[in-house]
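Hello,

Here is the structure we discussed handing over. My notes follow below it.

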Amino acid sequence: MRMMHWTIIAGLAVALATPVEAQTSRLTIAAKAMGATRLNSIEYTGSGSVFGFGQAYEPGGRWPRFEQRTYDAAIDYRTPGMRLIQVRSQGEHPPRGGAAQPVGADQRTVQVVSGKYAWQEGGAQAAPNSAASGDRLRQLWATPHGIIKAAIANAGKVDGNTVTVNVEGREFKATLNAQNLVDKVSYLSTNEVVGDYPIEIAYTDYADFGGVKFPRHIVQTEDGFPTLDITVGDVKPNATVSLDVPANVRDAVPPPLRVAVEKLADGVWYLSTPNARSWAVEFNDHVVVVEGIASEARSLAVMDEIAKLVPNKPIRYVINTHAHYDHAGGLRTYVAKGVTVVTHETNKPFYEKVWARPRTIAPDLLSKSPKPAVFETVSDKKVMTDGGKTIELYHMKGTSHNVANLLVYMPREGLAFWGDGYNPPEGTEPRDLARTPEQAIDLYRIITMNNLDVKTIAPAHGFGPKPFDNLKKAIGLIPL
Ligand SMILES: [Zn+2]
């Protein structure tokens, strides 16, 4: 009895003494196994599928798929910085969902982060976007060697096969397999519609590239559905990566959020920020906003502008065309201010579900002082009128962009608003050359099917307002 007792205590003492050493040695073993010890930089290229986060055909459904023709990541862990070159083309035929599909020609994007600076390459000069640096650095630290380096540099903890480390403002978890290679990395991100959501990256099919182990297969999911699925072809350990920050990026001051106001008709205004537009419609004793687009910051700026345009009348309704995150990101601000959300009936349970989720990373007005959202829903058609102003809402049935999409029409003014499908280009060119016209044809079909006498289109994106003829020209109904 006595012997056993002492054995247990001795065993306990050993267990208590080991964690710190065990953690250090397991991370060191993993770094050696991965070939991370002498790895300062890496470039890897692959191809496969990429998906449009927040752009599902059905609310709560999977993200729409595109061909990822090129995925070329070049990382320097010392900077830290990364250049990511991606080329995507249309994935699904017929198109199904958003993310600016149907893509006409191959689309190339080049995203760079270098320390606190971030920018886009490919234009005449670098386009500064340093607000993206946090997300891109997290992407860098979530790579197989990045997470091991981050754990060693930031006192990461090891518990069993799980490594936990705080880096770039988030807690990352990584799992190690029996060979001490990184199997999976996960962390939280945030979005204006759904709040906190998980990003998970699975690394499988490891191969040796000059003493550095790297996965041949990478699958990333965001909020439960794939956003990237690539097969890695080539890996260059210690590749030369040039991440010099361009002068115009270093000196860039983010422009203030300004709302441009354009009168569309008596009591109807187009409220525009770059590529995100709403309407304000003045009724007898209240204001209706069309599209709580983009973000809380934008909604607050739009509300300020409406208070100047229509003093002493409250905003009572906000019409939501569809649940894509770039169109619904500003809705919660209206809910926080007691404004009723008008949307297709399919969207209501989706919003109720996702708006109840936690917002620890980026609290907003509604999460700081929660209240239930008030909805008025649309099935086929809804008319909002006070005798003076009339807004008609039509369910865009059978369109490939989104299953619960609304068209907004003002019959007296001949004005139409939609969320997506055809973005009027700048100047006199009527065609949206980035896209093939399937979804613009969908729009035209809905307009004619409901006998709407549209004269001016002023939608959520693009360079409107434009004559309705632009849409007809874009789909080949009248000559260019
Ligand atoms: Zn959309």
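At 0% relative accessibility, phenylalanine 417 counts as buried (buried means under 20% relative accessible area, exposed over 50%, partly exposed in between; 1.4 Å probe, protein chains only). Tryptophan 279 is buried too, at 0%. The ring centres of tryptophan 279 and phenylalanine 417 are 5.5 Å apart with planes at 75 degrees, so the pair is edge-to-face (rings of Phe, Tyr and Trp, its six-membered ring, pair if their centres lie within 6.5 Å; planes under 30 degrees apart are stacked, over 60 edge-to-face, the rest tilted).

This is a predicted model, in which local features need pLDDT of at least 70 and side-chain atom pairs count only at pLDDT 80 or more, while totals for chains, interfaces and linings use all residues. Residues are numbered from 1 along each chain as its sequence is written, and side-chain values use heavy atoms, with hydrogens and water left out.

By the ring rule there are 15 aromatic pairs. One of them joins phenylalanine 53 and tyrosine 325, with centres 5.5 Å apart and planes at 80 degrees, so this pair is edge-to-face. Both residues belong to an aromatic cluster that also includes Trp63, Tyr197 and Phe225.

Now the metal. His322 (NE2), His324 (ND1), His401 (NE2) and Asp420 (OD) coordinate the zinc ion at 2.1 to 2.2 Å (donors are N, O and S atoms within 2.8 Å of the metal, or 3.2 Å for Na, K and Ca; water is not among the atoms, so sites may look incomplete). Their spacing along the chain is H-x1-H-x76-H-x18-D. Histidine 322 and aspartate 420 are both buried.

Regards
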